[in-house]
Amino acid sequence: MTQHIIVIGGESAEDMTRMTRIDEYIVASSGKTHPNVLYISTANGDDRVKIRDFTAKYESAGCTVSNLTVFIPPFPDAGHVSSLFEQADIIYVAGGNTRAMLAVWREFGVTALLKNAWENGKILSGVSAGAICWFDYGHSDSGGRFALVDGMGLLPGALCPHFSSEAGRQASFVELVQHERIQPAYALDDGVALHFKNGKCHQVIQNSAAGLAYEMTTQAPYPIPLSHRSER
């Protein structure tokens with residue numbers, strides 16, 4: 001069973017309301033013309049506008065969209081949550097507060113369901129907090145300052161989102177990776193995604209040529225751009 005995780009460095013306001021090259025790639029990766037998509041909005045506090053925008057844009061691509069919400073009614077029971085995961089072909093995790101999201105997931109049993117979905121070949125994806133959560137570590141400001149936070153550990157190493165768009169991101173991530181000697185370590189600009197197959201970096205996807213994906217190694221502890229045609 002091939003295991004897939006597609007991580008996105010960030011989105012513009014426009015990207016949130018229209019299908020991008022990355023969104024199209026996620027849909028195509030399911031191998032289905034009309035896949036079922038489960039949108040998990042925990043990190044943004046189940047923001048109704050973001051739920052509406054995501055649902056509308058993926059439905060415009062022929063998808064059926066379901067939503068897992070825990071902050072707004074109707075509040076889900078365990079059986080309903082489990083059925084949402086069973087029906088999904090694609091699971092997409094929104095951005096927001098990583099620490100809060102992971103804590104809520106543990107409380108509601110979502111972490112175990114995500115791991116099971118990954119093991120069974122469902123497409124896992126997400127942006128920002130929804131990208132870094134899959135790794136051993138994610139570079140996050142959800143605690144009020146930039147730091148490495150523990151993720152789910154489905155992917156090895158660390159990921160940094162918003163690499164070129166937020167002041168202080170680059171310097172903080174480079175310093176932390178060097179100090180902790182974390183390998184592998186990846187960074188993504190907004191509008192750029194990495195597709196991991198069976199835990200290995202497989203493909204870089206870009207909405208435009210402006211954004212890049214990067215890797216850091218112990219031999220060259222500075223960001224090295226990855227080719228948009230990279231396959232490893």
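The largest nonpolar core of this predicted model comprises 39 residues, and those with the most contacts inside it are Val7, Phe85, Trp105, Trp134 and Leu194. A nonpolar core is a set of buried Ala, Val, Leu, Ile, Met, Phe, Trp, Tyr and Cys residues joined through side-chain atoms within 4.5 Å; buried denotes under 20% relative accessible area, exposed over 50%, and partly exposed the range in between (1.4 Å probe, protein chains only). Helix H5 gives the most to this core, with four residues. Apart from it lies another core, of 21 residues, including Ile6, Ile51, Ile123 and Val127.

The model is predicted: local features need pLDDT of at least 70, side-chain atom pairs count only at pLDDT 80 or more, and totals for chains, interfaces and linings use all residues. Residues are numbered from 1 along each chain as its sequence is written, and side-chain values use heavy atoms, with hydrogens and water left out.

Beyond its neighbours within four places in sequence, Phe85 is in contact (heavy atoms within 4.5 Å) with Leu38, Ile40, Leu68, Ile91, Val110, Leu113, Leu114, Ala117 and Lys122.

Helix H4 spans residues 98-108, and its buried residues are Thr98, Met101, Leu102, Val104 and Trp105. They cover an arc of only 165° around the axis, taken from the directions from the helix axis to the C-beta atoms, and therefore lie on the same side of H4. Arg106 and Glu107, on the other side of H4, are exposed. Helices (H or I, at least four residues) and strands (E, at least two) are DSSP runs numbered from the N terminus. Among the elements covering the buried residues of H4 are strand E2 (36-40), helix H5 (110-119) and strand E6 (135-140).

At the start of H4, a side-chain oxygen of Asn97 reaches to within 3.2 Å of the backbone nitrogen of Arg99. After H4 comes Gly109, with a positive phi near 75°. Trp105, Arg106 and Phe108 of H4 meet Val110, Thr111 and Leu114 of H5.

| Site | Backbone angle | Loop |
|---|---|---|
| Pro73 and Pro74 (cis) | omega about 0° | Pro74: between E3 (64-68) and H3 (78-87) |
| Gln183 and Pro184 (cis) | omega about -10° | Pro184: between H7 (169-180) and E9 (185-188) |

Definitions and conventions
A polar contact is a pair of N or O atoms within 3.5 Å; within protein, one must be able to donate a hydrogen and the other to accept it, and residues adjacent in sequence count only if both atoms are side-chain atoms.
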